[in-house]
Amino acid sequence: MAKAKTPGGRRTMGTKVAPAGQTVAVDAPAPKKRVSIPQFFSQVRAEGRKIVWPSRKETWITSVMVFIMVVIASIFFWVVDAGLTIASQFILAIGQ
């Protein structure tokens with residue numbers, strides 16, 4: 001089903017507004033066609049050819065960036081955990 005463009009520039013998909021008390025019929029989506037097994041695998045191969053694999057350098061840089069972010073996140077959560085531990089011990093010590 002094609003998307004209808006509204007005057008505001010937004011696109012809607014199969015929604016229609018009716019005056020109060022009236023109902024509007026919306027077209028049901030067309031049933032999907034069955035594809036044979038050889039045709040399915042042919043389509044899978046065609047989609048596989050469209051994949052752009054990252055180079056070795058891009059993979060290395062991305063892996064290093066992930067490792068750095070993990071280290072930063074672990075330090076952040078360690079500091080927050082230590083702070084909350086100290087704060088909770090201080091609050092619990094007040095009651096003794």
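Is Phe77 buried or exposed, and at what relative accessibility? At 55% relative accessibility, Phe77 counts as exposed, where buried means under 20% relative accessible area, exposed over 50%, and partly exposed in between (1.4 Å probe, protein chains only). The model is a predicted one, in which local features need pLDDT of at least 70 and side-chain atom pairs count only at pLDDT 80 or more, while totals for chains, interfaces and linings use all residues. Residues are numbered from 1 along each chain as its sequence is written, and side-chain values use heavy atoms, with hydrogens and water left out.

Helices (H or I, at least four residues) and strands (E, at least two) are DSSP runs, numbered from the N terminus. Confidence is expressed as pLDDT, the predictor's confidence in each residue, from 0 to 100. Its mean over the protein chain is 84, and 76% of the residues reach 70 or more. Strand S2 (residues 11–12) has the lowest confidence, at a mean of 54, whereas H2 has the highest, at 97. Where pLDDT is low, the predicted coordinates should not be read in detail.

Next comes the surface. Of the 96 residues of the protein chain, 0% count as buried. The accessible surface of the chain comes to about 9700 Å², with 67% belonging to carbon and sulfur atoms; such areas come from the Shrake-Rupley method with a 1.4 Å probe, and for residues only the protein chains shown count as cover. A nonpolar patch on the surface includes Trp60, Phe67, Ile72 and Trp78, and its members together have about 1300 Å² of accessible area. Patches are made of residues with over 30% relative accessible area and no salt bridge, with like charges joined within 9 Å and nonpolar side chains (Val, Leu, Ile, Met, Phe, Trp, Tyr) within 5 Å. Trp60 lies in helix H2 (residues 56–94) and is exposed, at a relative accessible area of 61%.

Side-chain contacts complete the picture. The structure holds 2 aromatic pairs, defined by ring centres within 6.5 Å, with planes under 30 degrees apart counted as stacked, over 60 as edge-to-face and the rest as tilted (for Trp, the six-membered ring is used). The rings of Phe40 and Phe41 are edge-to-face, because their centres are 5.4 Å apart and their planes stand at 70°. Phe76 and Phe77 also form an edge-to-face pair, at 5.1 Å centre to centre and 70° between the planes.

Conventions
A salt bridge is a side-chain nitrogen of Lys or Arg within 4 Å of a carboxyl oxygen of Asp or Glu.
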